[in-house]
Amino acid sequence: MLYLWVQAFHIIAVITWFAALFYLPRLFVYHAMAEASDTVGIERFKVMERKLLNGIMTPSMIVTIALGIWLLIINPSWMSQGWMHAKLTLVVLLVGYHHWCMRLVKTFREDANTRSHVWYRWFNEAPTVVLVAIVILVVVKPF
């Protein structure tokens, strides 16, 4: 029964983390499109990005990882399965993407962005690819 509760809250945390991972880069797209003369809009983007990162995205990541570790402690046999190694590799990449987003928030906060909104549109697609791969690995367990 404990396993099911931990799993349920892990899934909730994953959903919350991914929602933020999808939305923050979308804010970057709009922020990069903002005209330099729109100081009010630019400042609003900075506040939104900071609050999303610090209030939702990072706490969600921490809870996701903590509950994932707890699930592995409850069910250590998963560590002998290839799909879990692949999933954990993708999670590590996702944590790297998260930290890249953190740097980008700082770049925007300092008004030092040099990338176009098109670049951020492509950047925004990375978590989608990782999400699809992780779900397939967890559900199908292909190896």
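Helices, which are DSSP runs of H or I with at least four residues, and strands, which are E runs of at least two, are numbered here from the N terminus. This is a predicted model, in which local features need pLDDT of at least 70 and side-chain atom pairs count only at pLDDT 80 or more, while totals for chains, interfaces and linings use all residues. Residues are numbered from 1 along each chain as its sequence is written, and side-chain values use heavy atoms, with hydrogens and water left out.

View 1. Read along the sequence, the pattern is α-α-α-α-α, and the C-alpha atoms fill a box of roughly 55 × 25 × 20 Å, taken along the principal axes. Of the 143 residues, 34% count as buried, where buried means under 20% relative accessible area, exposed over 50% and partly exposed in between, with a 1.4 Å probe and protein chains only.

**View 2. A13 lies in helix 1.** A13 counts as buried because its relative accessibility is 7%. Leaving aside neighbours within four places in sequence, A13 is in contact (heavy atoms within 4.5 Å) with S60, V63 and T64. A13 and A133, which are 120 residues apart in sequence, stand 18 Å apart in space, C-alpha to C-alpha.

**View 3. The largest nonpolar core has 32 residues.** Such a core is a set of buried Ala, Val, Leu, Ile, Met, Phe, Trp, Tyr and Cys residues joined through side-chain atoms within 4.5 Å. The residues with the most contacts inside this core are L21, L24, F28, M57 and C101, and helix 1 (2-33), helix 2, helix 3, helix 4 (117-123) and helix 5 (126-140) each supply at least two residues of the core. Not counting residues up to four places away in sequence, L21 touches M57, L94, Y97, H98, N124 and P127.

**View 4. K87, in helix 3 (residues 82-109), is buried yet has no salt bridge.** A salt bridge is a side-chain nitrogen of Lys or Arg within 4 Å of a carboxyl oxygen of Asp or Glu. The nearest side chain of opposite charge (Lys and Arg count as positive, Asp and Glu as negative, and His and the chain ends are not counted) is E125, 22 Å away from K87. Beyond its neighbours within four places in sequence, K87 is in contact with H10, I134, L137 and V138.
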